[in-house]
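Dear colleague,

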Amino acid sequence: MHIDIHSNASADLHRLRKFAPEAVASVLMALQQLQADPLALDKLTTHGSNDLAGTKLNVKRWESARSRRGDLWRFRALETPATTYRVIYGYDWRARQMCVLAVVSKDEFDYDTQSDLGKRIFADWRNL
């Protein structure tokens, strides 16, 4: 399975790299491991905790987003420097394609579909 990283999510990572380089490295390592994992799709679309080569992922569906278009999710890489960051992604089941749409601190992401960040994520997902 291929996981794309949207340009806005890349910009998030670039911004985070300035003050949380270990967290960025943890997120990138998790994404790399997911690319190589034949069970990645199941791990990224199953609510709860999943093991990824020794890293625990906590996965949740963005429930309030379901009515607005889509299968949007978030994961956290637990017990890493990235634990307080959310990786927001969309899953297109028809294409079996994942796209990372944002990487943000939990303080910046409250699942509000009408926040500036929520609007950005929906616009990016809609325009793919």
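Phe109 is buried, with a relative accessible area of 6%; here buried means under 20% relative accessible area, exposed over 50%, and partly exposed in between, with a 1.4 Å probe and protein chains only. Please note that this is a predicted model, in which local features need pLDDT of at least 70 and side-chain atom pairs count only at pLDDT 80 or more, while totals for chains, interfaces and linings use all residues. Residues are numbered from 1 along each chain as its sequence is written, and side-chain values use heavy atoms, with hydrogens and water left out.

Aromatic rings

Rings of Phe, Tyr and Trp (the six-membered ring of the latter) pair if their centres lie within 6.5 Å; planes under 30 degrees apart count as stacked, over 60 as edge-to-face, and the rest as tilted. The count comes to 5 aromatic pairs by this rule. In one of them, the ring centres of Trp62 and Phe109 are 5.0 Å apart and the planes stand at 80°, so the pair is edge-to-face. This pair links distant parts of the chain, 47 residues apart: Trp62 is in the loop between S3 and helix H4 (66-69), and Phe109 in the loop between S6 and H5. Helices (H or I, at least four residues) and strands (E, at least two) are DSSP runs, numbered from the N terminus. Trp62 and Phe109 are both buried. Phe109 and Tyr111 also form an edge-to-face pair, because their ring centres are 4.6 Å apart and their planes are at 65°. Tyr111, with a relative accessible area of 27%, is partly exposed. Together, Trp62, Phe109, Tyr111 and Phe122 make up one aromatic cluster.

Phe122 is also one of the buried residues of helix H5 (residues 116-126), the others being Leu117, Gly118, Ile121, Asp124 and Trp125. They lie on the same side of H5, because they cover an arc of only 165° around the axis, the arc being that of the directions from the helix axis to the C-beta atoms.

The sheet

Six strands form an open sheet: its 6 strands follow the order S1-S6-S5-S4-S3-S2, with mixed pairing. Two strands pair if DSSP finds at least two bridges between them. Strand S1 (3-5) and strand S2 (48-52) stand at the edges with a single partner strand each, so one side of each has no neighbour in the sheet.

S4 (residues 72-78) and S5 (residues 85-92) run antiparallel and are joined by 4 bridges. S3 and S4 are likewise antiparallel, with 6 bridges. Arg74 in S4 is the bridge partner of Lys60 and stands opposite Ile88 in S5. Of the 7 residues of S4, 7 are buried. Both of its faces are covered, with Leu72, Arg74, Arg76 and Leu78 on one side and Trp73, Phe75 and Ala77 on the other.

Nonpolar cores

A nonpolar core is a set of buried Ala, Val, Leu, Ile, Met, Phe, Trp, Tyr and Cys residues joined through side-chain atoms within 4.5 Å. The largest has 28 residues, and Leu34, Leu44, Leu57 and Phe75 have the most contacts inside it. H2 gives the most to this core, with 6 residues. Apart from it lies another core of 13 residues, among them Ile88, Cys99, Leu101 and Phe109.
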